[in-house]
Amino acid sequence: MHLVIISGATRPRGRSNTAKIIDAFQKGYKEGGNTVEVWYLSDRKQWAGAAAAFAEQENILIALPLYVENIPGSLLEFLSCLSPKKEAGTRLAFLIQGGFPEGSQSRCCERYLETLPGQLGCEYGGTLIKGDMFGLGMTDEKSRKKMLEPFVEMGRYFADHGIFDKEKAYSFAAPEYMPKSQVRLFRLIGHFVQRIFMGRLAKQMGCKEALDAKPYEC
Ligand SMILES: Cc1cc2nc3c(=O)[nH]c(=O)nc-3n(C[C@H](O)[C@H](O)[C@H](O)COP(=O)(O)O)c2cc1C
C-alpha cells in the first residue's frame, strides 16, 4: 500500500528529529513492498505538492514535533489551507514526538489531532506518541540507532494494521508519568547536571545570556 507522510517539523530536514524518525518508520513500513512519499513542510516549496498528495491519496500520516504542547504553527497554517475531502475513504493518522519523556505531555495535542480527520473529511487512523527525543540528533550513531529501532518496528506494525491501535500506542508512549522515585532523584542530582549540559549547549548555539534570564521582568 502507498503511504503519504507529511512532516510538520519546522527545522530543515537535515537537522530535524522528525525527519530521522520518518526515515526509520518508512524503513519498517516499506519492508513488505509498500511504498512511501514524504513531504517536508519546513521547505515551503513543498507545500503545494503536499497539499496535492493529501487531496489525491487515501493513506496519510502527519508526523510532527510537539511544540508548546501542541502542533507547530506552520503545520497549523498548512492544515488551514487544505480543502476537506468530499468522498469518504481517506485515513489520516499522526505521529507526535517530543522532548520531554512523559507521554502525558502529548495528550493535549492528541485531543486536538483527534478532531482533525472529521474536519478534513477523513477517518481517524490513531496517534503514535513518543517523548524523550530531544537528543536524537545530538547523540552518537549507535545510540541513535537504538532510539530509532522502535519506530522501524512501528512502521512494520502500521503496514500490517493500517492504524495505530489505542492500546498499542499507549504502551509505546510510556512512561505516561515519570515514577516518583525518579522525579525525586532528578530534583536532587539530575537537575544540576542538566543545567550544566543545557548551559553548554546553549553557549555552543550562540546564546549569550543565562538560560533563566528574565529580560522582560519588571
Ligand atoms: C519552540 C519549541 C517548543 C517545544 N515544546 C515542547 C513541548 O511542549 N513538549 C515537549 O516534550 N517538547 C517540546 N519541544 C521539543 C521538541 O518537540 C523536540 O526537541 C523534537 O524532537 C524536535 O523535533 P524536530 O527536530 O523535528 O523539530 C519544543 C521545541 C521547540 C523548538
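Ile-6 stands opposite Trp-39 in β2. The model in which this pair is found is a predicted one. Strand β1, residues 2-7, pairs with β2 in the parallel sense, over six bridges.

These two strands belong to an open sheet of five, ordered β2-β1-β3-β4-β5 and paired in parallel. At the edges lie β2 (35-40) and β5 (123-130), each of which pairs on one side only. From one strand to the next the twist averages 20°. Helix α4, residues 107-119, packs on this sheet and touches β4 (91-97) as well as β5. The direction of α4 makes about 160° with that of β5.

A further packing concerns two helices. The axes of α1 (residues 17-30) and α5 (residues 141-161) come within 6 Å and cross at roughly 45°. Angles from 65 to 115 degrees count as roughly perpendicular and those under 35 as roughly parallel, so α1 is oblique to α5. Their crossing is right-handed. On the α1 side the contact includes Lys-20, Ile-21, Ala-24 and Phe-25, while α5 contributes residues including Leu-148, Phe-151, Val-152 and Arg-156. By class, the residues of the contact between α1 and α5 comprise 10 nonpolar, three polar and four charged.

Methods:
Residues numbered from 1 in each chain as written. Predicted model: local features only at pLDDT ≥ 70, side-chain atom pairs only at ≥ 80, totals over all residues. Pairing = 2+ DSSP bridges. Helix = DSSP H or I, 4+ residues; strand = E, 2+ residues; numbered from the N terminus. Axes fitted to C-alpha atoms, helices over the stretch in contact; angles between N-to-C directions. Contact = placed C-beta atoms within 7 Å. Parallel < 35°, antiparallel > 145°, perpendicular 65-115°, else oblique. Left-handed = near helix turned anticlockwise from the far one by under 90°. Nonpolar A, V, L, I, M, F, W, Y, C, P; charged D, E, K, R; others polar.
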